[in-house]
Amino acid sequence: MRRLSVALIFGLFSIAPVMAADATLEQRTAEAHRTDSPVPTAAATTAPAQRIDSRPAIYMSVDGQPVTGWLSWPAGKSMMGMPALIVIHEWWGLNDNIRQAAERLAGEGYMTLAVDLYRGENAANPKDAMRLMNQLNDQGDAGRENLVAAYDYLANVMQAERIGVIGWCLGGRWSLQAALQLPTQLAATVIYYGGVTDDKKQLATLQMPILGLFAGDDPVVPPETVTAFRTALLELGKDADIHIYPEAKHAFANPSGQAYDPAAAEDAWGRTTRFLAEHLQ
């Protein structure tokens, strides 16, 4: 029997958000990345604004096996009680680029925990990335358990009082899932071109402000899907800032990959840091 070990789970199955395996979305993701590779982009290689300390952190275990993320924080400062971010990787997995991107976010004054939804694996090519993404989807609630465990670790072990979530591509999709699973606990959600929904029954539960950053030239998450998501949020009266970069392509700000768009990515970074400062600090 598969067993999850964490200190506290917040009503994990009370919301039962729709996630799931969307074969069409998966196929579009594979096509968009078919010639891609996980090379580092400026999102990963830009130095943090201040010196950072980092270390591996075991934040949960599954069937007795530890799941290890990457914990980062401003050097020389106490982590306890610091505002925190759950950082969710792209379909490549928790690689060095994501660790460095998490460190860059930590440089803005946060404790960041880069999670590992693939539990120790990552991909060097699109074929392996597709396999790992499908494997994650096939595991049902495992991804949601992972993200709730990350929240629990930051809130209860590290005593973070305000916690947000951010993710790119696959991570953006799971950033929304984390928000749906923890609709009153999370203080901020940032979604970079992840799969979204216009299901008002689900979105009505969200209590945190949301920043969504999307590409206008994106066959994976088309602009009409984003517009429907934004319309649903606004009709529900949610605090949502959903921005579409008309000329940008999918994965324009990924820490790994060949679609990096410097102008769009830097504007998105500015929006992200301002949003997080307003709602977490």
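**Note on a hairpin, salt bridges and cavities**

1. Strands E2 and E3 form a hairpin with 2 residues between them, and Asp63 in the turn has a positive phi of about 55°. Strands here are DSSP runs of E, at least two residues; helices are runs of H or I, at least four, and both are numbered from the N terminus. This is a predicted model, where local features need pLDDT of at least 70, side-chain atom pairs count only at pLDDT 80 or more, and totals for chains, interfaces and linings use all residues. Residues are numbered from 1 along each chain as its sequence is written, and side-chain values use heavy atoms, with hydrogens and water left out.

2. E2 (residues 52-62) and E3 (residues 65-74) run antiparallel, joined by 10 bridges. Two strands pair if DSSP finds at least two bridges between them. Met60 stands opposite Val67 in E3.

3. The whole structure holds 9 salt bridges. Each is a side-chain nitrogen of Lys or Arg within 4 Å of a carboxyl oxygen of Asp or Glu. One of them joins Glu266 and Arg104, at 3.5 Å from N to O. Glu266 lies in helix H9 (residues 262-280) and Arg104 in helix H3 (residues 96-106), so this pair ties together parts that are 162 residues apart in sequence. Arg104 is buried, at 6% relative accessible area, while Glu266 is partly exposed at 38%. Buried means under 20%, exposed over 50%, and partly exposed in between (1.4 Å probe, protein chains only).

4. Glu235 and Lys200 form another salt bridge, with the closest N and O atoms 2.4 Å apart. Glu235 sits in helix H8 (residues 223-235) and Lys200 in helix H7 (residues 200-203), so the pair links parts 35 residues apart in sequence. Glu235 is exposed at 54%; Lys200 is partly exposed at 37%.

5. There are 2 cavities of 30 Å³ or more. On a 1 Å grid over the protein atoms alone, a cavity is a set of points where a 1.4 Å probe fits but cannot get out; lining residues have an atom within 4 Å of a point. Points are joined across faces, edges and corners, and a volume is the space filled by probe spheres set on them.

6. The largest cavity has a volume of about 100 Å³. Its lining has 13 residues, and Arg104 is among those nearest the centre. H9 gives the most to this lining, with 4 residues.

7. The second largest cavity holds about 90 Å³. H1 gives the most to its lining, with 3 residues.

Key
1 Å grid on protein atoms, 1.4 Å probe; cavity = no way out; pocket = protein on both sides within 12 Å on 5 of 7 lines; lining within 4 Å.
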